[in-house]
Amino acid sequence: MANPNLTDMTEEDAADLQFPKDCSSSRMEMLDHDIELDVSVVNDEIITSDPTCRVCKSALTEPYIRCAVCSNTELCPCCFSSGSEIGDHRNDHDYIIIKNEFPLINGSGWTAKQELEFLDVLQECGFGNWVDMGKRMQGKSAEECKNHYLQYYIDDQALPGLPRIKETRASLFSCEPVPYLYKLQDLEEPPRFTSNTLNCKLLAGYNPARSDFEVNFDNHAELLISDLNYDEFDSSDDKVGLGKALQIAIVQAYNNRLKERMRRRKIIRDHGLIAFRRTISWIQRYECTITRTLAERLLIFMQLMGGVEFDYFMEGLHRTGELKNYLNKLSEFRSNGLKHFHSVIMFQKLSKLRQENERERKQYLNNPEYSWKSILPGCNINSTSSVSNAISQRKSAPPLTIKGLPGYEKLTPAEKELCSVTRIVPTNYLDFKQLLIGENKKNGCLRLAQARVLLKIDVNKTRKIYDFLSEKGYINKPAQ
């Protein structure tokens with residue numbers, strides 16, 4: 001819109017824009033004969049948008065030129081000074097200078113450009129963050145930003161169109177208070193579990209009937225101020241100031257402990273951690289992708305995120321784990337010579353059939369009636385004692401199928417064979433490995449008895465892991 005307070009462009013402004021422009025030869029002849037061009041400044045216009053140059057497509061910043069004849073034709077000063085023409089636009093058309101270096105609010109001392117920058121910074125930093133706004137606004141301090149906003153946008157609104165907020169109960173308390181419309185008997189009864197029962201313990205001491213915890217975090221924090229007496233110090237005493245300061249410090253410490261209690265309570269409620277069983281089942285969902293051990297370690301980030309944000313975070317990691325497992329399957333197919341997806345079904349059927357045949361072959365070999373030792377000379381096949389002794393021997397368990405289990409891709413081929421034979425899940429083996437390596441670094445060596453105390457699993461499995469790690473050089477056996 002036009003501003004009546006602004007005058008037409010002066011010769012200095014025209015010189016800044018490098019006018020006159022490059023014209024045709026006929027126009028130059030007219031200039032040589034001191035014939036005035038039919039080009040005039042219509043008016044200065046206040047504009048707040050950021051359009052693009054019609055010629056070079058660059059983002060326009062004030063001041064820039066708008067053609068008064070053509071519609072929606074804006075030019076940057078460089079294209080305007082070079083006499084650029086595009087479409088129906090000619091360089092001898094009347095033009096308008098668009099700029100926002102003018103006072104928008106009388107008496108404020110701020111230009112329209114500063115007001116736009118101030119509103120953008122306010123939206124980014126948030127209301128009340130005057131310190132950061134003062135750093136972003138050039139030449140303006142935090143106190144100036146605060147006073148300017150409160151004076152011209154809240155208290156004395158000089159700009160037209162600003163919403164005027166009346167101090168009502170709805171504006172002060174964000175909503176109009178309404179009476180409670182339901183009776184208690186109309187509501188569903190909350191669960192009331194008996195104390196010291198399993199369901200009560202699974203709620204972490206939460207009482208749904210009161211929406212509160214039976215035992216709060218730092219439950220004895222009130223003991224800190226239970227013995228405080230306001231009139232404990234006499235006003236005539238010289239140390240009354242020190243005593244009051246100590247009492248204030250104790251109250252502040254109590255308030256900090258209450259804030260920590262409320263913070264933990266808010267985390268529990270926002271993330272739905274009151275129902276223990278549901279939380280455990282939710283963590284088990286990531287067993288094959290993130291792994292439960294890592295998921296439990298990631299729970300600490302609940303303190304920094306909301307419920308929905310943390311779910312997005314975990315789902316992103318879950319999706320990454322799914323893609324990783326899918327890539328491992330593709331790599332396995334390629335290592336077995338598969339190049340087309342239609343061959344995968346046949347490969348899986350043959351793999352399953354091969355595993356079944358291998359299992360039957362091992363069972364056949366473990367049967368003492370078909371053992372090759374029974375056909376040796378001097379061996380009585382019908383000897384009941386030999387058969388009974390062979391049957392009494394403990395049969396070895398078949399190897400464990402560990403493909404696709406969490407941590408499988410982190411194992412070397414030798415470690416995969418070890419986990420399969422000893423029937424150890426890859427994640428557990430990795431934990432055992434780190435534990436034994438750490439203990440070896442502390443003492444310089446590691447005994448088998450120490451490994452058994454640390455792992456607390458079957459002694460035969462412990463020996464196999466211990467021998468494997470010592471053979472590969474991960475741990476050192478003590479000198480004989």
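**Salt bridges in the predicted model**

Glu260, Arg263 and Arg264 are joined in a network of salt bridges. The structure is a predicted model, and the count of salt bridges in it comes to 14. Side chains of opposite charge can pair when their charged atoms come close. Three further pairs are described below.

A salt bridge connects Glu222 and Arg261, with the closest N and O atoms 3.2 Å apart. This pair links distant parts of the chain, 39 residues apart: Glu222 lies in the loop between β6 (212-213) and α9 (240-270), and Arg261 lies in helix α9. The relative accessible area of Arg261 is 9%, so this residue is classed as buried, the limit being under 20%. Glu222 is partly exposed, at 32% relative accessibility.

Arg136 and Glu124 also form a salt bridge, and their closest N and O atoms are 2.4 Å apart. Here too the pair links distant parts of the chain, with Arg136 in helix α5 (residues 130-136) and Glu124 in helix α4 (residues 112-125), 12 residues apart. Glu124 has a relative accessibility of 55% and therefore counts as exposed, the limit being over 50%. Arg136 is partly exposed, with a relative accessible area of 41%.

In the pair formed by Glu74 and Arg66, the closest N and O atoms of the salt bridge are 3.2 Å apart. Glu74 is buried, at a relative accessible area of 9%. Arg66 is likewise buried, with a relative accessible area of 19%.

Terms used
Residues numbered from 1 in each chain as written. Predicted model: local features only at pLDDT ≥ 70, side-chain atom pairs only at ≥ 80, totals over all residues. Heavy atoms only, no water. Salt bridge = Lys/Arg side-chain N within 4 Å of Asp/Glu carboxyl O. Buried < 20%, exposed > 50% of the residue type's maximum accessible area, 1.4 Å probe, protein only. Helix = DSSP H or I, 4+ residues; strand = E, 2+ residues; numbered from the N terminus.
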